[in-house]
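User: I would like to go through this model with you. Could we begin with a single residue and then turn to the helices?

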Amino acid sequence: MSIQCTDAEWKILEVLWENHPRTMPEITKQLQPETGWTRHTVITLLKRMAEKGTITVDETGSIKRYSPIVTRQEASAQQTNKLLGRVFGGKASLLVHHLVDTGELSTEDVEELLKELQKK
């Protein structure tokens, strides 16, 4: 399944991955301080996400409850692969070079990467 998420939809997925199922008011309350979104914005995004198939809607009770269909790991892997393909020509080494050159990787990050590479 191809996961197509806008930055706004990703914020909602983050809330749902943290704890689900969640109601629209719960999602709005959590995101409002950071985003300023009203309930209408969240409703629009939830409808769009349900149509795309990234979330499910449980309508069995009096209040709709939303849950993610995809895991954080699945979505992250797909988004990473898209970024690698689009920006770095599919080469992970170019991404790592970029992160090193821009100072995005701390010494601890580099040590963790080296450990992971040694395991492989």
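**A residue and its helices**

Analyst: In this predicted model, Gln32 is partly exposed, with a relative accessible area of 38%.

User: Which helix is Gln32 found in?

Analyst: Gln32 belongs to helix 2, which covers residues 24-35.

User: And how far apart are Gln32 and Asp7 in space?

Analyst: Their C-alpha atoms are 15 Å apart, and the two residues are 25 apart in sequence.

User: Let us change topic to helix 4. What span should its 17 residues have?

Analyst: Helix 4 comprises residues 72-88, and at 1.5 Å a residue it should span 24 Å. Its end C-alpha atoms are 22 Å apart, which agrees.

User: Which residues of helix 4 are buried?

Analyst: The buried residues there are Ala75, Leu84 and Phe88. Viewed down the axis of helix 4, the buried residues fall within an arc of 165°, so they line one face of the helix. On the other side of helix 4, Asn81 and Arg86 are exposed.

User: What do the buried residues of helix 4 pack against?

Analyst: They pack against helix 1 (7-18) and helix 5 (92-101).

User: Which residue just after helix 4 takes a positive phi?

Analyst: That is Gly89, with a phi of about 60°.

User: Back to the packing, then. How do the axes of helix 1 and helix 4 cross?

Analyst: The two axes come within 11 Å and cross at roughly 150°. An angle over 145 degrees counts as roughly antiparallel, so helix 1 is roughly antiparallel to helix 4.

User: Which residues meet there, in helix 1 and helix 4?

Analyst: From helix 1, Trp10, Glu14, Trp17 and Glu18 meet Arg72, Ala75, Ser76 and Gln79 of helix 4. By class, this contact of helix 1 with helix 4 has three nonpolar, two polar and three charged residues. Ala75 is also one of the buried residues of helix 4.

User: And helix 1 with helix 3: at what angle do the axes cross?

Analyst: Helix 3 covers residues 39-52, and its axis crosses that of helix 1 at roughly 90°, the two coming within 10 Å. That makes helix 1 roughly perpendicular to helix 3.

User: Which residues make that contact?

Analyst: Helix 1 contributes Ala8, Glu9, Ile12 and Leu13, while helix 3 contributes Leu45, Leu46, Arg48, Met49 and Lys52.

User: How many nonpolar, polar and charged residues does the contact of helix 1 with helix 3 have?

Analyst: By class, it has six nonpolar and three charged residues, with no polar ones.

Note on methods
Residues numbered from 1 in each chain as written. Predicted model: local features only at pLDDT ≥ 70, side-chain atom pairs only at ≥ 80, totals over all residues. Heavy atoms only, no water. Helix = DSSP H or I, 4+ residues; strand = E, 2+ residues; numbered from the N terminus. Expected span 1.5 Å × (residues − 1). Buried < 20%, exposed > 50% of the residue type's maximum accessible area, 1.4 Å probe, protein only. Arc of directions from axis to C-beta. Contact = heavy atoms within 4.5 Å. Axes fitted to C-alpha atoms, helices over the stretch in contact; angles between N-to-C directions. Parallel < 35°, antiparallel > 145°, perpendicular 65-115°, else oblique. Nonpolar A, V, L, I, M, F, W, Y, C, P; charged D, E, K, R; others polar.
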